[in-house]
Amino acid sequence: MSDTRKQTVLLVDGYSLIFRGFHALPLLTAPDGAYTNAVHGFFSMLLKALGDYRPDGLCVMMDMHAPTFRHTLYDAYKGTRKPMPEELRTQLPLMREMLEAMSIRICELEGYEADDLLGTAARLANERGIHAYVLTGDRDSLQLAGGETEIILTRKGITESLLLDAQGVYDTYGFTPQQVPDMKGLMGDSSDNIPGIPGIGEKTALKLIGEYGSLDGVLEHADEVRGKLGEKLRAGREMALLSRELGTICRTAPLEIDFDSCGWDRMAQGIPLLERYGLKTISRGVAA
């Protein structure tokens with residue numbers, strides 16, 4: 001590494017990638033019958049990002065199976081999610097086992113989601129002069145783009161991704177990173193059971209945010225909005241503010257990371273485990 005190259009770290013949304021791998025690939029099984037398609041997808045996307053961006057550090061953020069501060073704010077948060085398929089559930093400990101075998105740093109913190117750890121770690125990295133790449137399939141994380149943080153957004157299966165800085169988010173989606181929680185406040189998010197304002201979808205939310213700049217601006221001018229839409233805005237004020245709070249990534253989680261110790265130079269130690277589970281393509285990629 002030359003002296004002029006900025007230090008970089010790759011921050012990975014572990015569950016986002018393993019979910020994408022599970023749904024993008026047909027069920028695969030190891031010689032012992034264990035399901036491996038999600039693990040295969042996860043490591044395929046991880047290796048591609050490592051090859052594309054060659055970061056100095058690597059850290060995988062994971063959710064814990066415990067309530068978060070968002071459940072305290074709104075007890076129905078994520079209340080409509082279907083149970084995880086058993087074929088996927090059994091692969092989560094396997095992914096963890098492989099990451100540990102490769103000496104890859106895993107971050108998790110009770111009361112916080114992986115998004116919050118990604119946001120906090122990116123802030124900490126930037127404050128130390130480190131450029132952060134956030135690898136995720138979750139558009140919520142677009143709010144983290146800006147400064148020395150870029151989002152690698154997975155798309156279309158496990159082979160395509162989009163690298164987005166703050167301008168890229170606006171050019172691609174029509175809103176700024178700062179407006180992501182405002183959009184969530186208006187339109188909600190059915191996947192997380194964030195209510196938003198009933199009857200307002202993405203197109204209307206985008207129009208309102210574009211016109212008034214923020215959720216606060218929209219609500220301040222709600223009396224000027226005519227017809228049913230104005231009625232919805234006035235009636236939904238409190239729920240919109242709550243939804244924005246639920247959709248805002250916390251960047252101040254009590255997380256401590258020594259980025260210099262987040263290397264990925266020992267991944268080859270996991271090759272025997274990969275081969276035991278029949279993940280030969282991944283094994284070759286790690287060995288390369």
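In this predicted model, the sulfur of cysteine 107 lies 3.2 Å from the closest cysteine sulfur, which belongs to cysteine 59. A disulfide is a covalent bond between the sulfur atoms of two cysteines. The cut-off used here is a pair of cysteine sulfur atoms within 2.5 Å, so the sulfurs of cysteine 107 and cysteine 59 are too far apart for a bond. Cysteine 107 is buried, at 2% relative accessibility. Cysteine 262 is in no disulfide either; the nearest cysteine sulfur is again that of cysteine 59, 4.9 Å away. Cysteine 262 also counts as buried, with a relative accessibility of 0%. By this rule the model has 0 disulfides.

The next topic is the sheet. Six strands form an open sheet with mixed pairing, in the order E3-E2-E1-E4-E5-E6. Strand E3 (105–107) and strand E6 (160–164) are at the edges and have a single partner strand each, so one side of each has no neighbour in the sheet. On average, neighbouring strands are turned by 25° against each other, direction ignored. One of the pairings joins strand E4 (residues 131–136) to strand E5 (residues 149–155), in the parallel sense and over 5 bridges. In this pairing, threonine 136 stands opposite leucine 153 of E5.

Helices pack on this sheet. Helix H1 (residues 14–24) touches strand E1 (8–13), strand E2 (57–61), E4 and E5, and its direction makes about 60° with that of E1. Helix H6 (residues 114–127) lies across E1, E2, E3, E4 and E5 and runs at about 175° to E1.

Strand E4 also holds histidine 131. Is this residue buried or exposed? Histidine 131 has a relative accessible area of 10%, and therefore counts as buried. Its side chain makes a polar contact of 2.5 Å with the side chain of glutamate 148. Beyond residues up to four places away in sequence, histidine 131 touches Lys6, Gln7, Thr8, Val9, Asn126, Glu148, Thr149 and Glu150.

The largest nonpolar core has 46 residues, of which Leu11, Met61, Leu142, Leu186, Leu233 and Ile257 touch the most other members. Helix H6 gives the most to this core, with 7 residues. Leucine 11 has contacts that include Cys59, Met61, Leu118, Ala121 and Val134, leaving aside neighbours within four places in sequence. A second, separate core has 44 residues, among them Ala30, Leu47, Leu94 and Ile106.

Note on methods: Residues numbered from 1 in each chain as written. Predicted model: local features only at pLDDT ≥ 70, side-chain atom pairs only at ≥ 80, totals over all residues. Heavy atoms only, no water. Pairing = 2+ DSSP bridges. Helix = DSSP H or I, 4+ residues; strand = E, 2+ residues; numbered from the N terminus. Axes fitted to C-alpha atoms, helices over the stretch in contact; angles between N-to-C directions. Contact = heavy atoms within 4.5 Å. Buried < 20%, exposed > 50% of the residue type's maximum accessible area, 1.4 Å probe, protein only. Polar contact = N/O pair within 3.5 Å; in protein donor to acceptor, adjacent residues only side chain to side chain. Core = buried A, V, L, I, M, F, W, Y, C linked by side-chain atoms within 4.5 Å.
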